[in-house]
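Reader: I have a model open and want to go through it piece by piece. Can you take my questions as they come?

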Amino acid sequence: MKKYIAIIYVLIVISACSSGSDDGGEQNVTPTAAKLIFPDNNAECNQGTNITDTQSTVAFRWEESDNTTSYEVVLTDLIAGTKTNFDSSESELGITIKRGTPYSWYVVSKSTTGDEATSDTWKFYNSGPGTTSYAPFPATIVAPSMGALITDTMVTLEWTGTDVDNDIEKYIIYNGTEADAISEVGEVESPITSMSIGVSAGNTYYWKVISVDSKGNTSESSLGNFIVNP
């Protein structure tokens, strides 16, 4: 009888040790965010392979991220506002894009468990034939955030602006209560990137920013909106 008790005891100990080892050996499978390499942020890209006068193939590169089985490159045409997704199993992907066009891009790292991590977002200008001056990148709206609820009758509009030539001179701000009928409400000289305006309670407001550089080139931000508490 003692012999059988001893055997059972040994089996329990082995089972406990095995279970503890499995728990302790469990690995983190959450991917880390990729670090972007090329095209460079806020810069001109002139290293692609030209296909036609209007298109070139650019090799997008990023550092491999941990615990990652696949990547998704999310590319946005900043003029057309169109977003395109590309899958990749490697940390480099050639994509054919428009020449003479500004883009933004980021990379989503994915694991087999369905977890994801998103890189920073970079902007670049894909060079075109005979281009000597570049329009600013469309300004990025910062605040108020889309659909934000405002409780004051004064609101500070904030945005960021960048340009390959680094020669933005001013920003022109448009605002109004109808998305298709906003009007100019003022302008500020660069590097100022904010402006306070008066608003009325109970209204939804729409706004955008026009960036203007020293050559007269312009770009238009996306349309923001916020609601003033009634």
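Reader: Where is Glu 90?

Author: Glu 90 is in the loop between β6 (82–88) and β7. Strands here are DSSP E runs of at least two residues and helices are H or I runs of at least four, numbered from the N terminus. This is a predicted model, in which local features need pLDDT of at least 70 and side-chain atom pairs count only at pLDDT 80 or more, while totals for chains, interfaces and linings use all residues. Residues are numbered from 1 along each chain as its sequence is written, and side-chain values use heavy atoms, with hydrogens and water left out.

Reader: What does Glu 90 touch?

Author: Trp 62 and Tyr 71, not counting residues up to four places away in sequence. Contact means heavy atoms within 4.5 Å.

Reader: Which residues is Ser 91 in contact with?

Author: Leaving aside neighbours within four places in sequence, Phe 60, Arg 61, Trp 62, Glu 63, Glu 64 and Tyr 71. The C-alpha atoms of Ser 91 and Trp 62 are 5.5 Å apart, although the two are 29 residues apart in sequence.

Reader: Which residues of the largest nonpolar core touch the most other members?

Author: Phe 60, Trp 62, Leu 75, Ile 97, Trp 105, Val 107 and Phe 124, out of 18 residues in that core. Strands that each supply at least two of its residues include β4 (55–62), β5 (70–77) and β8 (101–110). A nonpolar core is a set of buried Ala, Val, Leu, Ile, Met, Phe, Trp, Tyr and Cys residues joined through side-chain atoms within 4.5 Å.

Reader: What lies apart from it?

Author: Another core, of 17 residues, among them Leu 157, Tyr 171, Val 188 and Val 209.

Reader: Switching over: where is Ser 221?

Author: Ser 221 is in the loop between β18 (218–220) and β19 (224–228). Ser 221 is buried, at 5% relative accessibility. A polar atom of its side chain lies 2.9 Å from the backbone nitrogen of Val 209. Its contacts, leaving aside neighbours within four places in sequence, are Pro 138, Ala 139, Ile 141, Lys 208 and Val 209.

Reader: What does the side chain of Lys 208 make a polar contact with?

Author: The side chain of Glu 220, at 3.2 Å. A polar contact is a pair of N or O atoms within 3.5 Å; within protein, one must be able to donate a hydrogen and the other to accept it, and residues adjacent in sequence count only if both atoms are side-chain atoms. Lys 208 is in strand β17 (residues 204–213) and is buried, with a relative accessible area of 17%.

Reader: What's the order in the open sheet of three strands?

Author: β11-β13-β16, with antiparallel pairing. The edge strands, β11 (140–143) and β16 (194–198), each pair on one side only. Two strands pair if DSSP finds at least two bridges between them. β11 and β13 (residues 154–160) have three bridges, and Ala 143 stands opposite Glu 158 in β13.

Reader: How many helices and strands in the protein chain?

Author: One helix and 19 strands. Of the 230 residues in the chain, 37% are buried.

How values were computed:
Buried means under 20% relative accessible area, exposed over 50%, partly exposed in between (1.4 Å probe, protein chains only).
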